[in-house]
Amino acid sequence: MALPRIRVHKNCIKPIQQGHPWLYKGSLLSSVSVGSPMLLVDEKNKVLAFALADRGDIEARILSKTPDKIPDLLRKRILVAQSLRNKVVPPNTTAYRLINGAGDGLPGIVVDMYNDLAVVKIYSASWEPHLDAIVDVLDTLPNVNDVYRRFGVRNVDGKKGGMLLCGRPIKDLMIIQEHGLRFLVRPKIGQKTGLFLDQREHRAFIGSKAKDEQVVNLFSYTGGFSVYAAVGGAKRVYSVDISQNALDDAKENFRLNGLSPDQHAFIATDVFQWKADLHAGIVICDPPSLSHKKKSDTAAMQSYTRLAGHSASMVPRGGLLALASCSARLNQKQWESASVQGIRKHGRWSWLWRANEPPDHPVSVHHPEGRYLKFSLLFRQR
């Protein structure tokens, strides 16, 4: 069956040629049903790209320059992604990202692995008609036994919870490994698909600097940074989060790694209102995304400034401050500017290390919007 040829607005031709995976609303000069494969053409009917029709602010997801059968394309790209993970996922680690959207040539698809469970999250309605094809490929991978879908994307599924797509009914709680450490995961209800996998290498880095330090972990969730710090020899770790349930899981993560929660502090409170009554050698501030729409960007910048200052006030001279952001709407420069605005009131600082997504979260060089994670370690000068 011949693919529809859809003409695009002339302003879209250059971005397509440069490899950007999205076409925004108003780019297509005729309509096509969501999920339909199509050829994008210019005014001379020359083929520019092969894409899937989407809806909402993004009107099309570009897959390649030449057409392919969707099941075949999925198989080839998922197998390549799995091969890459075999090279970049660290030893003794059973939780990692298998598919990271456009970074793996599949814009709008995220798949995270927890042991032999693949958790799928679809960020583009264009993939809904092809969900079975996605599952068929995942089911053939030697390390996958079960496939589960998490809902929660407003423009795609608009609901909470999830559903089993393939395999056995999954458990509410499972234990994974990360650099040999053990963590509990709740794949049905946990944040993202169950765990913040993208901070794995940053957690390990902080752990390597924590020996004999007092450590404060703000927005600690289930205590990822906290466990690494305690294993790294921290004197005492203060895990602060508004959710008591998350802190209860954090305590269990301590126990899973042979650590006594009683030797550390777990504080359920609003981070914006809480302040340690001591100076900590390391303070970590890793908040949830604070900007989801354009109109919230200014408020997010102000919040990051406030948080950076609040966190910096707990760091003595010679101490370390780790700041992070997962807000894709703010770029590195904007976020760093907001952070500097906050910390400058609390002494003189130096950047020690700046990092972004780990190797199992590849980002297409043609898709700057895919670069969402920002992590910085700062040193307060003496």
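Q: Which residue forms a salt bridge with Asp68?
A: Lys76 does. The closest N and O atoms of Asp68 and Lys76 are 2.6 Å apart. Keep in mind that this is a predicted model.

Q: How many salt bridges does the structure hold?
A: There are 17.

Q: OK, what does Arg97 pair with?
A: Arg97 forms a salt bridge with Asp112. Their closest N and O atoms lie 2.7 Å apart.

Q: Where do those two sit in the chain?
A: Arg97 is in strand 6, residues 95-100. Asp112 is in strand 7, residues 109-114.

Q: Are Arg97 and Asp112 buried or exposed?
A: Both Arg97 and Asp112 are buried.

Q: Now Lys188. What does its side chain meet?
A: The side chain of Asp172, in a salt bridge of 3.1 Å from N to O.

Q: Which parts does that pair tie together?
A: Lys188 lies in the loop between strand 12 (181-185) and helix 4 (200-207). Asp172 lies in the loop between strand 10 (162-166) and strand 11 (174-178). So the pair ties together parts that are 16 residues apart in sequence.

Q: How accessible is Lys188?
A: Lys188 has 28% relative accessibility, so it counts as partly exposed.

Q: New topic. How many cavities of 30 Å³ or more are there?
A: The count is one. The largest cavity holds about 40 Å³ of space.

Q: What lines the largest cavity?
A: The lining is Cys285, Pro287, Tyr304, Leu307, Ala308, Leu323, Ala324, Trp335 and Ser339.

Q: Which elements give two or more residues to that lining?
A: Helix 7 (297-312), strand 17 (320-325) and helix 8 (332-343) do. Helix 7 gives the most, with three residues.

Q: And how do the lining residues divide into nonpolar, polar and charged?
A: Eight are nonpolar, one is polar and none is charged.

Methods. Residues are numbered from 1 along each chain as its sequence is written. This is a predicted model: local features need pLDDT of at least 70, side-chain atom pairs count only at pLDDT 80 or more; totals for chains, interfaces and linings use all residues. Side-chain values use heavy atoms; hydrogens and water are left out. A salt bridge is a side-chain nitrogen of Lys or Arg within 4 Å of a carboxyl oxygen of Asp or Glu. Helices (H or I, at least four residues) and strands (E, at least two) are DSSP runs, numbered from the N terminus. Buried means under 20% relative accessible area, exposed over 50%, partly exposed in between (1.4 Å probe, protein chains only). On a 1 Å grid over the protein atoms alone, a cavity is a set of points where a 1.4 Å probe fits but cannot get out, and a pocket is an open set with protein on both sides within 12 Å along at least five of seven lines; lining residues have an atom within 4 Å of a point. Grid points are joined across faces, edges and corners, and a volume is the space filled by probe spheres set on the points. Ala, Val, Leu, Ile, Met, Phe, Trp, Tyr, Cys and Pro count as nonpolar, Asp, Glu, Lys and Arg as charged, and the others, Gly among them, as polar.
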